[in-house]
Amino acid sequence: MRIEVDGRPATAETLTHPALVNYGHFTAMQVRSGRVRGLLAHLDRLDAATRELFGTPLDPVRVRDLIRHAVGDGDASVRVSVHQPESEPVVQVVVRAPAEAPSKPQSLLPVGYERPVPHIKHVGTFGQIHFGLQAEQAGFDEALLVLSDGRVAEGGITNIGFFRDGRIIWPDAPMLRGVTMRLLDEILRPYRAVVRVDDLPSFHGAFVTNSLGIAPVSRIGDVKYPPRDDWMTRVHEAYASVPWDQI
């Protein structure tokens, strides 16, 4: 793992603020040969969140240069975080080994939890980690976040989509619109509908998305979904058609 802060190797001093102050935001991406799917969406996300949290814009050209400096033209998992220890935002780039989407269908455990400020990919992830560990201990792969009124929102670290009557449905609820979700939106044009826990048996299948890619869902709680390779092929093909942007 390698960490750079504003283009320089991280030091104990530059890591002190993010270690002690749990306030900031980030985006995560997979880089292949120095390229990223949906790079502009990642840069837009970082700028919008910086404006909302810190009241100042974040230059996308600068961020792109910082990512390129840290990654080069290789393959990697990259996390770009923004904090503001003093008067100006600081950009941290973490570079790790590349990763892929899960190779097996995922199982999700419904839990009652709504992320604070859910439209921002912020660093306050205690609840997601806590319920994610509970899901794993119960034999599931991930938690499914359910609001107090029974509406399904999102996975602990994913977005979730459903299949019914040949259509793709995103839950209509407060959530983070992930970059992969946004890219599929542009191609597949899914529709949004309120999805409640009681509605889960009415769907024909489900899938999850995040920066790693896409994976089918085989089970949510006690509800099991059969393999739907025909629909999953459509989703995978849509995602594969997204061009890779040079950093």
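1. Start with strand S6, residues 90-96. Of its 7 residues, 6 are buried, so the strand is largely enclosed by the rest of the structure. Note that this is a predicted model.

2. S6 has strand S5 (residues 76-83) as a partner. The two run antiparallel and are joined by 7 bridges. Val78 has Val95 in S6 as its bridge partner. S5 and S6 make a hairpin, with 6 residues between them.

3. Strand S1, residues 2-5, also pairs with S6. The sense is antiparallel, over 4 bridges. Here Glu4 is bridged to Val93 of S6.

4. Now helix H6. It has 12 residues. From first C-alpha to last it reaches 16 Å, close to the 16 Å expected at 1.5 Å a residue.

5. Which residues of H6 are buried? They are Trp231, Met232, Val235, Ala238 and Tyr239. Seen down the helix axis, the buried residues fall within an arc of 125°, so they line one face of H6.

6. The face of H6 turned away from the buried side carries exposed residues: Asp229, Glu237 and Ala240.

7. What do the buried residues of H6 pack against? The list includes one helix, H5 (179-188). The strands are S4 (35-37), S10, S11 (167-171), S13 (205-210) and S14 (213-220).

8. Aromatic pairs come next. The count comes to 6. One of them is Phe163 with Trp231, a tilted pair with 5.1 Å centre to centre and 45° between the planes. Phe163 lies in strand S10 (residues 159-164) and Trp231 in helix H6 (residues 229-240), so the pair ties together parts that are 68 residues apart in sequence. Buried or exposed, these two? Both Phe163 and Trp231 are buried.

9. Phe163 and Trp231 also belong to an aromatic cluster. Trp170 and Phe207 are the other members.

10. Two arginines sit over rings. The charged end of Arg37 lies over the ring of Tyr239, 4.3 Å from its centre. Tyr239 is one of the buried residues of H6. The charged end of Arg79 lies over the ring of Phe26, 3.7 Å from its centre.

Note on methods. Residues numbered from 1 in each chain as written. Predicted model: local features only at pLDDT ≥ 70, side-chain atom pairs only at ≥ 80, totals over all residues. Heavy atoms only, no water. Phe/Tyr/Trp six-rings, centres within 6.5 Å; stacked < 30°, edge-to-face > 60°. Buried < 20%, exposed > 50% of the residue type's maximum accessible area, 1.4 Å probe, protein only. Lys NZ or Arg CZ within 6 Å of the ring centre and 35° of its normal. Expected span 1.5 Å × (residues − 1). Arc of directions from axis to C-beta. Contact = heavy atoms within 4.5 Å. Pairing = 2+ DSSP bridges.
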